[in-house]
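Here is a brief report on one model.

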Amino acid sequence: MDLNTQKISIIGAGIGGLAAALALAQKGADVTVYEQASTFGEVGAGLQISPNGVAVLEALGLFDAAKALANEPESVIMRDYKGATITRLPLGEAALQRYGRPYWQFHRADLLDLLAKAALDAGVTIAFDHHVTNVTGNEAGALLEFEGRDAVLADLLIAADGVRSPTRSAVFEGEPASFTGQVAWRGLVLADKLPAEMFPNAAQVFMGKGRHLVTYPLRGGSVINFVAVVERENWTEEGWNLPDVPSNLQAAFSGWCPEVETLLSKVNDTFLWGLFNHPVLPRWSKNRIALLGDACHPMLPFLAQGAVMALEDAWVLADSLARARGPRRGLHDYEDRRKDRATRVQNGALRNATAYHLKSPLVRGAAHKVLSYLNEEWLLGRFDWLYAHDVTRGEP
Ligand SMILES: Cc1cc2nc3c(=O)[nH]c(=O)nc-3n(C[C@H](O)[C@H](O)[C@H](O)COP(=O)(O)OP(=O)(O)OC[C@H]3O[C@@H](n4cnc5c(N)ncnc54)[C@H](O)[C@@H]3O)c2cc1C
């Protein structure tokens, strides 16, 4: 299909919406991204982008610019809550050798900025302060309605409007995302407030009963990012992330090893995120409307793949539309090429939630012992299905 003839609207200027906008504009489409916020927020802190996500950045022509912003960790160090090392998953050179591409970590704002600038350069319009209130569609196109603004007609509409996607409920009759019983605090601490030897160039995962904490350096090691997850029964309906006081976070990890306690003692600002999931949708596209990223497959962060899957979606969407004879066929092909993989990753992240939070000290001790005996290269090989996959080579 000749994308030069297509006027495409995208809802949401997150990683997924911006990557899709760029990929489509590079193929000639006339793309406008509608974002409800008035600017990019800094909320979100760190994002790990594994080699399968780097493949998409590379295909979009962003490899060098992204490399300049990325942190490249040497390994993932798995530790128990008392600080004892259980095992290491080698990354750095090992990931590069094995997958031909690096494993990177970014400040989310840096990655958003990179994608936004590239999208603008490619001719995309990003319309901030555009809150979409309703979406309808038929075989010929889609209509977007906004709060306090004129409606817009599009040949194609891509809804990358996040985990609480209004389009998913309005058009696809999907159930609302449900709370998983887990919350995550996220935030950053300036590295010069911390003993350097406690935070090497690695992702560290500290695991204890019903909770875990992940930490890694960003921006050349000048800041330390953390994600701290605990199980909890309820979540407010006000939003999916809220500012919280550091003392709640500190109390949740009180008595943990010095690395964790020292890091958390320096936290000034933090946000608490509810973690949501929803059943796999029967369809991701209808007429000329399709969902992308968290809007269609929100996942727990325990494989660090939500943004990576949004990048893969974006590439496959543009490729499928460019190859198809018509827009509806193209959206169907996109869905067919993406659904099994996204579902597999969603399920894998769910399984990791249990593994990280083992409650019984006996079971936890035994599981950690088994992990400690495993060969490190073999451990990395367990991720081949995920990291070696390259959607830009046209794989399904
Ligand atoms: C604690 C935690 C850690 C994570 N770590 C990682 C990681 O290391 N690696 C990784 O790959 N992923 C990670 N993720 C997941 C990742 O953050 C998300 O999967 C990813 O950001 C989803 O991108 P998206 O573009 O689909 O949605 P979003 O980033 O949510 O963007 C949706 C956009 O749509 C806009 N929008 C919504 N409704 C409307 C409307 N009505 N009108 C106009 N605009 C609207 C929103 O304002 C928003 O800008 C993590 C998630 C969490 C919670």
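Two strands pair if DSSP finds at least two bridges between them. Helices (H or I, at least four residues) and strands (E, at least two) are DSSP runs, numbered from the N terminus. The model is predicted: local features need pLDDT of at least 70, side-chain atom pairs count only at pLDDT 80 or more, and totals for chains, interfaces and linings use all residues. Residue numbers start from 1 along each chain as its sequence is written.

**Sheet.** Strands S1 (residues 7-11) and S2 (residues 30-34) run parallel, joined by 5 bridges. Lys7 stands opposite Asp30 in S2. Both strands belong to an open sheet of 6 strands, ordered S7-S2-S1-S11-S19-S18, with mixed pairing. S7 (125-127) and S18 (285-286) are the edge strands, each with a single partner, so one side of each has no neighbour in the sheet.

**Ligand shell.** The ligand has 34 residues around it, and Gly12, Gly14, Gly162, Gly293 and Gly306 come nearest. A residue counts as near if its C-beta atom, placed from the backbone, lies within 6 Å.

H9 gives the largest share, 4 residues.

**Helix H8.** Val260, Leu263 and Leu264 are buried in H8 (residues 258-265); buried means 20 or more other C-beta atoms within 10 Å of the residue's own, exposed 12 or fewer, with C-beta atoms placed from the backbone. The face turned away from the buried side carries exposed Pro258 and Ser265.
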